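Have the viewer open while you read.

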Amino acid sequence: MEVTAGILVKDHHVLLMRRAPGQNAAGGWEYPGGKIEPGETGEQCLHRELKEELCIDAEIGEKMAESAFEMSSKTIRLHAYRINQYEGEIQLTVHDQMEWVPLSKLLDHDQLPADYLVSQKLLEVLR
C-alpha cells in the first residue's frame, strides 16, 4: 500500500497528529496524509488528503524521506513530502489531537511504525 505523509516544519518543530478513538490504530501519532488512489501522484494525494484531514490548501515540496513497514502480510510504503506553505487554519477532522513537537523530542511520541521510521530519517535531514 502506497501512502503519503506531510512534513510541516516550524521553528524546529514538526507537526504530528493523533488518531482519534474509533479509528484504526487509535491513539497513535502520525504525520497527516493518506493512501494514494489509482491515477494519483504522491503529491496529488497529499494535497487532497491535507484538504480533507486538516482543511488546508498546501503547497507540496520535495520528498524528504521514505519508509517501508510490513504489516499483516502487506507492505506499507510511506512517502514523506515537505509542506512548503499552506493556506487556511488547521482543523481536526479525523484526528483528536495535534502537536508541534520539538525535533529533540520527535522520537519520544508513540508514533505508528512507518511514521517512526520516517521520523528517524527526518532527524538526519533537519538537524
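Predicted model: local features only at pLDDT ≥ 70, side-chain atom pairs only at ≥ 80, totals over all residues.

Most residues other than glycine have a negative phi. You'll find Asp 11 in the loop between strand E2 (9–10) and strand E3 (13–19). Its relative accessible area is 63%, so Asp 11 counts as exposed, the cut-off being over 50%.

Ala 25 is another non-glycine with a positive phi, here about 60 degrees. Ala 25 sits in the loop between E3 and strand E4 (29–30). At 36% relative accessibility, Ala 25 is partly exposed.

## The largest core

In soluble globular proteins, nonpolar side chains tend to be buried together. The largest nonpolar core here has 20 residues, and those with the most contacts inside it are Ile 7, Val 14, Tyr 31, Leu 106, Val 118 and Leu 122. Two or more residues each come from strand E1 (2–7), E3, strand E5 (57–71), strand E6 (74–87) and helix H2 (113–126). H2 gives the largest share, five residues.

Which residues does Leu 106 contact, leaving aside its neighbours within four places in sequence? The list is Val 14, Leu 16, Tyr 31, Val 101, Gln 111, Ser 119 and Leu 123.

## A second core

There is also a second, separate core, this one of 12 residues. Its members include Leu 15, Leu 50, Ile 56 and Tyr 81.

Technical notes: Residues numbered from 1 in each chain as written. Heavy atoms only, no water. Helix = DSSP H or I, 4+ residues; strand = E, 2+ residues; numbered from the N terminus. Buried < 20%, exposed > 50% of the residue type's maximum accessible area, 1.4 Å probe, protein only. Core = buried A, V, L, I, M, F, W, Y, C linked by side-chain atoms within 4.5 Å. Contact = heavy atoms within 4.5 Å.
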